[in-house]
Amino acid sequence: DVRGNAFGDAGCTTVAKALDAVRTLRMTDNGLSVQGGWEVMEQLIPKTSLETVDGIPLAEVREGGVETLDMSGKELGAGGGGMLACVLHRCASLLSLDVSSNALGDEGCFAVITALRKLCSLTSVSVGCNDMTPDGGLRVAQELLSHPSLTSIGLAHPSLTSIESLRVADLVSASATDLQMPRAQLGPGGAGVLAGVIQQSPGVQTLDVRGNAFGDAGCTTVAKALDAVRTLRMTDNGLSVQGGWEVMEQLIPKTSLETVDGIPLAEVREGGVETLDMSGKELGAGGGGMLACVLHRCASLLSLDVSSNALGDEGCFAVITALRKLCSLTSVSVGCNDMTPDGGLRVAQELLSHPSLTSIGLAHPSLTSIESLRVADLVSASATDLQMPRAQLGPGGAGVLAGVIQQSPGVQTLDVRGNAF
């Protein structure tokens, strides 16, 4: 066991040449390159006493007949990818391969996948959680889709046994219409693989990829691939506000796409959207950016509810600033969005400068008995009694309320008990 010794390519090769009697070898995490891994394995395969190398069953490979190879979670790294690729050329009868969760990276993963080209019995490959970039994942997908016998591609984390692999045959033949991959821990590289598969899958109409840590780049890669999808759910992917805006700019021109995380894109394109209830959609900051991009196209909007979306300061402010030119707007609800008091104050100042707004909703959407703030009455000093007890306003709501009260000279009685300020 010589794992984690920073041997590099030359050091690993030197050790490999010396192993004439060793049966079991562990040498991951040694700074081995993909090419170096291949060359080290070429040294090791002829050593007939050596039975396993980092979980690779060399003895079985030499005998032939290996049909299933589970290499998930072996910490192979890029160099281990090169070693495995070298071995795979000797596995003509292989049916199933799992290399998920190995930190192979783009080059290590691609080395493994290209080694499968001539394995004509192979039907299933799992490649999830390998620290690929979206571009690397896309390249892997293109390689996998060109394989003559492959029917299943596994992208999900190996611990998530309830999420099925992508049935390539069904997807490409357009018999698969609903693709559910929520919280599968796909990551940016998985986004790239998924995008590549979807581009070749004309029948997919509903796609759920929530909670996969795609990030801005991964979400953008997936968005570009959605030429036939009608319904998309992709919240909770670590999308920034700016990233959300850019993703939505990719999605709006895709005329087949009807809804994105509850945003009615088809109606927005047609114009005439007057009421938009987006409460409780779990948008997050990135969803705030996506919604802000859409709102610029909603000239006839009268009422907007974005409460309970965990937008945060920046997401909420992006949405509110997108309302500046909507001159028909009269009502906005922004409660329960994880804002700070300062963020709420900034939102209040923006809302109070709006030319047509008459009502600001702060209370939790489930509390229908608590009225919104009547801005016109407050600012004109005709409102003297303001009752908002137990409205679940939170710190952000405190900031919004403070901003409104500063501009409300007539308020003499204020009840804000039980609001978790």
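**Close-up 1. Contacts of Leu-251 in the predicted model.** Beyond its neighbours within four places in sequence, Leu-251 is in contact with Ala-223, Leu-226, Leu-232, Leu-257, Val-260, Leu-265, Arg-269 and Met-290. Leu-251 also belongs to the largest nonpolar core, which holds 131 residues. Met-41, Leu-44, Met-248 and Leu-251 touch the most other members of that core. In soluble globular proteins, nonpolar side chains tend to be buried together.

**Close-up 2. Helix α13 and its cover.** Helix α13 spans residues 312-321 and is mostly covered, with eight of its 10 residues buried. The buried residues are Gly-312, Asp-313, Gly-315, Cys-316, Phe-317, Ala-318, Val-319 and Ile-320. Helices α10 (241-251), α12 (284-295) and α14 (341-352) are among the elements that cover them. Strands β15 (303-305) and β16 (331-333) also contribute to this cover.

**Close-up 3. Arginines over phenylalanine rings.** Arg-346 lies over the face of Phe-317, at 3.9 Å from the ring centre. Phe-317 is one of the buried residues of α13. Arg-139 lies over the face of Phe-110, also at 3.9 Å from the ring centre. Aromatic pairs are absent: a search of the whole structure finds zero.

**Close-up 4. Packing of helices α4 and α5.** The axes of α4 (residues 77-88) and α5 (residues 105-114) come within 8 Å. They cross at roughly 5 degrees. Angles under 35 degrees count as roughly parallel, so α4 and α5 are roughly parallel to each other. From α4, the meeting residues are Ala-78, Gly-81, Leu-84, Ala-85 and Leu-88. From α5, they are Gly-108, Ala-111 and Val-112.

Definitions and conventions. Residues numbered from 1 in each chain as written. Predicted model: local features only at pLDDT ≥ 70, side-chain atom pairs only at ≥ 80, totals over all residues. Heavy atoms only, no water. Phe/Tyr/Trp six-rings, centres within 6.5 Å; stacked < 30°, edge-to-face > 60°. Lys NZ or Arg CZ within 6 Å of the ring centre and 35° of its normal. Buried < 20%, exposed > 50% of the residue type's maximum accessible area, 1.4 Å probe, protein only. Helix = DSSP H or I, 4+ residues; strand = E, 2+ residues; numbered from the N terminus. Contact = heavy atoms within 4.5 Å. Core = buried A, V, L, I, M, F, W, Y, C linked by side-chain atoms within 4.5 Å. Axes fitted to C-alpha atoms, helices over the stretch in contact; angles between N-to-C directions. Parallel < 35°, antiparallel > 145°, perpendicular 65-115°, else oblique.
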